[in-house]
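Open the model in your viewer and keep the selection panel at hand. The tour goes from the whole chain to a single residue, then to the parts that call for caution.

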Amino acid sequence: MATITLRPVADISIRHKKYENGESSSASAYTLIDDVVSDEAATTIGQAHHSTSLTSLTSSFKLGGASYNHKIFINSITIYYDYWCNNPAKNGKMTSIGITKAITVNGVKSSGLRASISDVNTESDSGSWKMLNTVFTSNNFPELSKVFDSIDAMNLQIEIATEWKCGASTVTQDQHLYISQVYVVVDYTDAYEFTAIGNETTDVVFMGMVRDGSTVYFEAMPKINHRFLGWFSDSACTQQVSTDLSYAVVVNGADKTLYANSKRIEAINVYYKKNGTWDLVQNLYIKENGQYISISSQEFGNQLYFSERSYLMPQ
């Protein structure tokens, strides 16, 4: 596993305002919120709330700043951000604040995950910054279960929504919620293609893209009346790597293709001697999983003789 850090590089839609030195700006311009250190003067978006009803704003951003060109599985995508807020109009009333995050991968948007911040007591614009994060995995966003050609090919975007609701009967001053230092950490595992190839003598289990470091199994199923010869690294089946029907391989930073091969068992006729006379066995029985299974003698071509008492028939 490895990680890569992405930051906002452009806005898709901007609904929050930029605030400078704790003051709300009448302009909708802003500086991208990608600084390594929280800086409310230069890299902040925010919502000014001046109402007793619920108000919300939503902004979305494209991500970039790093690249990795290899097929990958996504383990998780975590949005990190700093926030702080004030509530000069609290007046002893409960104020409910929510920050909801969502991600978009190749045009498919996740459900929003909301963090609730309740009962804000800070009454000035000198509140302290706090960090939160939100984690997306294939459990809460099934789109992440796919294999991606690269980080860039994901076309990853994030969305940040904020909402305020003040419990005071009247609001005489703006309430501010600032968000800064937004970045995304993508936790991924390289993906490699494992291919099992059979032929007219051997069936194989389909494989595909697998995770680096995982253990996978090449599974072979010889056709009836065939003996398995093994797994081979070349299509001519001259370089044998294993004779196991189920061959375990640890994925180690490379694609792999193996070829399964079997050889037909020459057929035989089976005779047995009883009362001095050789008779053709009409049915043979093998015991499999505790049960006798009949094998027709017509499946055999050559001849093999057993003396009297040298054969075993089920009772």
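Helices (H or I, at least four residues) and strands (E, at least two) are taken here as DSSP runs, numbered from the N terminus. Colour by secondary structure: the protein shows 25 strands and zero helices. This is a predicted model, in which local features need pLDDT of at least 70 and side-chain atom pairs count only at pLDDT 80 or more, while totals for chains, interfaces and linings use all residues. Residues are numbered from 1 along each chain as its sequence is written, and side-chain values use heavy atoms, with hydrogens and water left out.

Next, show the surface. Of the 315 residues, 38% are buried, meaning under 20% relative accessible area (1.4 Å probe, protein chains only).

Now select residues 256–264, which form strand S20, and centre on Ala260. Is Ala260 buried or exposed? Ala260 counts as buried because its relative accessibility is 1%. Beyond neighbours within four places in sequence, its contacts (heavy atoms within 4.5 Å) include Ile197, Thr202, Val204, Phe228 and Trp231.

Finally, colour by pLDDT, the predictor's confidence in each residue from 0 to 100. The average is 78, and 73% of the residues score at least 70. Select residues 24–31, where pLDDT stays under 50, then residues 121–126, where pLDDT also stays under 50.

Methods: Buried means under 20% relative accessible area, exposed over 50%, partly exposed in between (1.4 Å probe, protein chains only).
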